[in-house]
Amino acid sequence: TNFMTTITTELSDELLQGITAYIEQHPDSPSVPAVIQTALQTFLATQGYFATAPKRLHVTPANQGSGYISTAIEHDRVLANLDLETPTCKE
C-alpha cells in the first residue's frame, strides 16, 4: 500500500525559478510536487537510497567513428561485415 506524506519545506528563489522554468517548457505541464518528487527519486536512486530511478535513455557517444563514411546509408552491409569498397549507394 502506498501512503503519501505531506512535507512542508522552504525552497530558495533560485530553485523555485528553475522548477517554474522547467514546467513552462514542458507541454505536459507537470505539477510542482511531481517535478520535485521525480527529482528527489532520481537523486536518491543515484545515491543508492532508492530502489528504482525513472528510466531514461542515456547514450554515450563513441570517441571515434566506425571507420566507414557511409554507415548511415550502408548500415546493413557494415553490420554484416560486407565489402564496403564497392558501395551500392554513391557518397
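**View 1. The largest pocket of this predicted model has a volume of about 670 Å³.** A pocket is an open set of points on a 1 Å grid over the protein atoms alone, where a 1.4 Å probe fits, with protein on both sides within 12 Å along at least five of seven lines. The volume is the space filled by probe spheres set on the points, which are joined across faces, edges and corners. Lining residues have an atom within 4 Å of a point; of the 20 here, I7, P33, I36, Q37 and L40 are the closest to the centre. The model is predicted, and totals for linings use all residues, whereas local features need pLDDT of at least 70 and side-chain atom pairs pLDDT 80 or more. Residues are numbered from 1 along each chain, and side-chain values use heavy atoms, without hydrogens and water.

**View 2. Helix α2 gives the most to the pocket lining, with nine residues.** Helices are DSSP runs of H or I with at least four residues, numbered from the N terminus. The lining divides into 14 nonpolar, six polar and no charged residues. Nonpolar means Ala, Val, Leu, Ile, Met, Phe, Trp, Tyr, Cys and Pro; charged means Asp, Glu, Lys and Arg; the others, Gly among them, are polar.

**View 3. Helices α1 (residues 13-24) and α2 (residues 32-47) cross at roughly 105 degrees, their axes coming within 10 Å.** Axes are lines fitted to C-alpha atoms over the stretch in contact, and angles run from 0 to 180 degrees between N-to-C directions. The two helices are therefore roughly perpendicular (65 to 115 degrees). I19, Y22 and I23 of α1 meet V32, V35 and I36 of α2, contact meaning heavy atoms within 4.5 Å.

Note on methods. Angles under 35 degrees count as roughly parallel, over 145 as roughly antiparallel, 65 to 115 as roughly perpendicular and the rest as oblique.
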